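Colleague: I have a model open and some questions about its packing. Can we go through them?

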Amino acid sequence: MPEADRLAVLEAEAVHVLREVAAELDRPALLFSGGKDSAVLLRLAEKAFRPAPIPFPVLHVDTGHNFDEVIEFRDRRVAELGVRLVVGSVQDSIDAGRVAEPAGRWPSRNRAQTVTLLDTVAEHGFDALFGGARRDEERARAKERVLSFRDAFGQWDPRNQRPELWNLYNGRVRPGEHVRAFPLSNWTERDVWAYVERDGIELPPLYFAHMRKVFERDGMLLADSRFVDRSPDEPLVERSVRFRTVGDMTCTGAVPSRAGTVAEVIAEIAATPVTERGQTRADDRAGAAAMEDRKREGYF
């Protein structure tokens, strides 16, 4: 299938999911991290309900360890679209004693944000969350349905999911339960970048090659930041890098790159056999079984 036709099919499928969930559920929200997948999802939401405004808020679970460029991009895009931004703070959860501050060599707050997410869902009564997860990212995500049901504890049980025949979705939930809806389920990383190119979607500059001080840890290039303590054998070097995925600064690695345009990024990812999360996310290197356990606990 020609790429233009493929993107049109994927777009139509995603728009259908957005409209269907918004019609079936009472209080949806769109998870927005400021990354490329959520930027594409936000553009699809614009198209799904145009000329009306997006009829649900944007939700960001803020670990407090984000890249400054991502927070700036998030705030600017939300202001441009005039949508309501709901922020759940992991730092607030730590201060309230709901979770403990992670320690050790990899002090990532990614796992801690599950509690913050579920608390925010309960506080605002959200019964559906749109997410930008894709099945090609790793094997645990490949088990997800387009509508992934979570029980009253936010847990995911792969054996207790509903059949999805063609494009028919059952969004019924009991009080306290909610749905994670993934309109980009059938997209690949290359599809996302091709759509970014086609629609001229703006992304944070982190996704393109730039000079940055980094250090190597366990084969990954981590950005110099106040959130990570370097050991004496981890010297800083300045290199031309970019980020394939954006998350907590403590566990998101950069890749050496000279790709400064969308077309150059597409050519670069076409030549790599490693998925973006496998290459650049330390918290995803524990394996598919570990990721599945985290999803059972309510993780994204």
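Colleague: Which residues line the second largest cavity?
Modeller: Keep in mind that this is a predicted model. The second largest cavity has a volume of about 40 Å³. Its lining consists of A133, R134, R135, R141, E144, F182 and S185.

Colleague: How many residues of that lining are charged?
Modeller: The lining of the second largest cavity holds 2 nonpolar residues and 1 polar residue. The charged residues there number 4.

Colleague: Are helix 1 and helix 2 roughly parallel or roughly perpendicular to each other?
Modeller: Helix 1 covers residues 3-24 and helix 2 covers residues 36-49. Their axes come within 9 Å and cross at roughly 70°. Angles of 65 to 115 degrees count as roughly perpendicular. Helix 1 and helix 2 are therefore roughly perpendicular.

Colleague: Which residues of helix 2 make the contact with helix 1?
Modeller: On the helix 1 side, the contact uses E11, A14, V15, L18, R19 and A22. By class, the contact has 8 nonpolar, no polar and 3 charged residues. Helix 2 contributes L44, A45, K47, A48 and F49.

Colleague: In what order do the 4 strands close into a barrel?
Modeller: The pairing is antiparallel. Strand 7 (residues 210-217) and strand 8 (residues 220-223), for instance, are joined by 4 bridges. The barrel order is 7-8-10-9.

Colleague: What is the bridge partner of E216 in strand 8?
Modeller: Strand 7 and strand 8 run antiparallel. The partner of E216 in strand 8 is L221.

Technical notes:
Residues are numbered from 1 along each chain as its sequence is written. This is a predicted model: local features need pLDDT of at least 70, side-chain atom pairs count only at pLDDT 80 or more; totals for chains, interfaces and linings use all residues. Side-chain values use heavy atoms; hydrogens and water are left out. On a 1 Å grid over the protein atoms alone, a cavity is a set of points where a 1.4 Å probe fits but cannot get out, and a pocket is an open set with protein on both sides within 12 Å along at least five of seven lines; lining residues have an atom within 4 Å of a point. Grid points are joined across faces, edges and corners, and a volume is the space filled by probe spheres set on the points. Ala, Val, Leu, Ile, Met, Phe, Trp, Tyr, Cys and Pro count as nonpolar, Asp, Glu, Lys and Arg as charged, and the others, Gly among them, as polar. Axes are lines fitted to C-alpha atoms, for helices over the stretch in contact, and angles run from 0 to 180 degrees between N-to-C directions. Helices (H or I, at least four residues) and strands (E, at least two) are DSSP runs, numbered from the N terminus. Angles under 35 degrees count as roughly parallel, over 145 as roughly antiparallel, 65 to 115 as roughly perpendicular and the rest as oblique. Contact means heavy atoms within 4.5 Å. Two strands pair if DSSP finds at least two bridges between them.
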